[in-house]
Amino acid sequence: NGGEVYAYNGGVTTGFGVSIGGGSALNNNGGFANITIKKGAKVVAGSIGGGRTRKPEEKNGGKTVINCESDIVNAQFYVPENSPESVINVPDGVTFDGSELINTDLIYAEPNGGAIYLGDGSVSLTNATIQNYKVSGYGGGIYVKDGTINLPDIQLLNNKAGYGGAIAIDANERTENANITI
């Protein structure tokens, strides 16, 4: 049913091929994830977030609550589908930097959205920078499948993907206050 992760001081390095958060489920709901990353912590990981379900048409993804106080993130924040109460909180001016991540197809829960995969829920990024991410799917920096994303004054730099190098948003989803530099 998921669990909690609390990163502080030196932080957490998971290595490559490892993700942090709620467990995935084949025939059940995904696991809940409550993740706190304190200021000054350094996290280098694959995907960080709630557990997905292998049957999204029948089951719910794990509710994801990510409270990040750190100024630098080296990971993918992952919110699974069918988890509308999920939320990602980051400080103004946060930098997501994928330059320390190698072979992201092996370490990400999804091959879309290098820094943020928003399957549902909401996220707001103010004065943020997302740089140096590479994915094989959609949205090198951000992928929004469902939910709401608020993007006042962000920069998406040197991100690469099969489709939508900087950002990919499904046609029916809401983007608010977008002022994006690419």
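This report describes the overall make-up of a predicted model and then turns to its aromatic pairs.

## The chain as a whole

The predicted chain holds one helix and 18 strands, and of its 182 residues 48% count as buried. Its accessible surface comes to about 8,200 Å², and carbon and sulfur atoms account for 44% of that area.

When contacts between residues at least 6 apart in sequence are considered, 75% of them join residues that are at least 24 apart.

## Aromatic pairs

A pair of aromatic rings is described by how far apart the centres lie and by the angle between the planes. With ring centres required to lie within 6.5 Å, the count comes to five aromatic pairs. One of them brings together tyrosine 78 and tyrosine 117, whose ring centres are 5.1 Å apart and whose planes stand at 25 degrees, so this pair is stacked, given that planes under 30 degrees apart count as stacked.

Tyrosine 78 belongs to strand β7 (residues 72-79), whereas tyrosine 117 belongs to strand β10 (residues 116-118), and the pair therefore ties together parts that are 39 residues apart in sequence.

Definitions and conventions: Residues are numbered from 1 along each chain as its sequence is written. This is a predicted model: local features need pLDDT of at least 70, side-chain atom pairs count only at pLDDT 80 or more; totals for chains, interfaces and linings use all residues. Side-chain values use heavy atoms; hydrogens and water are left out. Rings of Phe, Tyr and Trp (its six-membered ring) pair if their centres lie within 6.5 Å; planes under 30 degrees apart count as stacked, over 60 as edge-to-face and the rest as tilted. Helices (H or I, at least four residues) and strands (E, at least two) are DSSP runs, numbered from the N terminus. Buried means under 20% relative accessible area, exposed over 50%, partly exposed in between (1.4 Å probe, protein chains only). Contact means heavy atoms within 4.5 Å. Accessible areas come from the Shrake-Rupley method with a 1.4 Å probe; for residues, only the protein chains shown count as cover.
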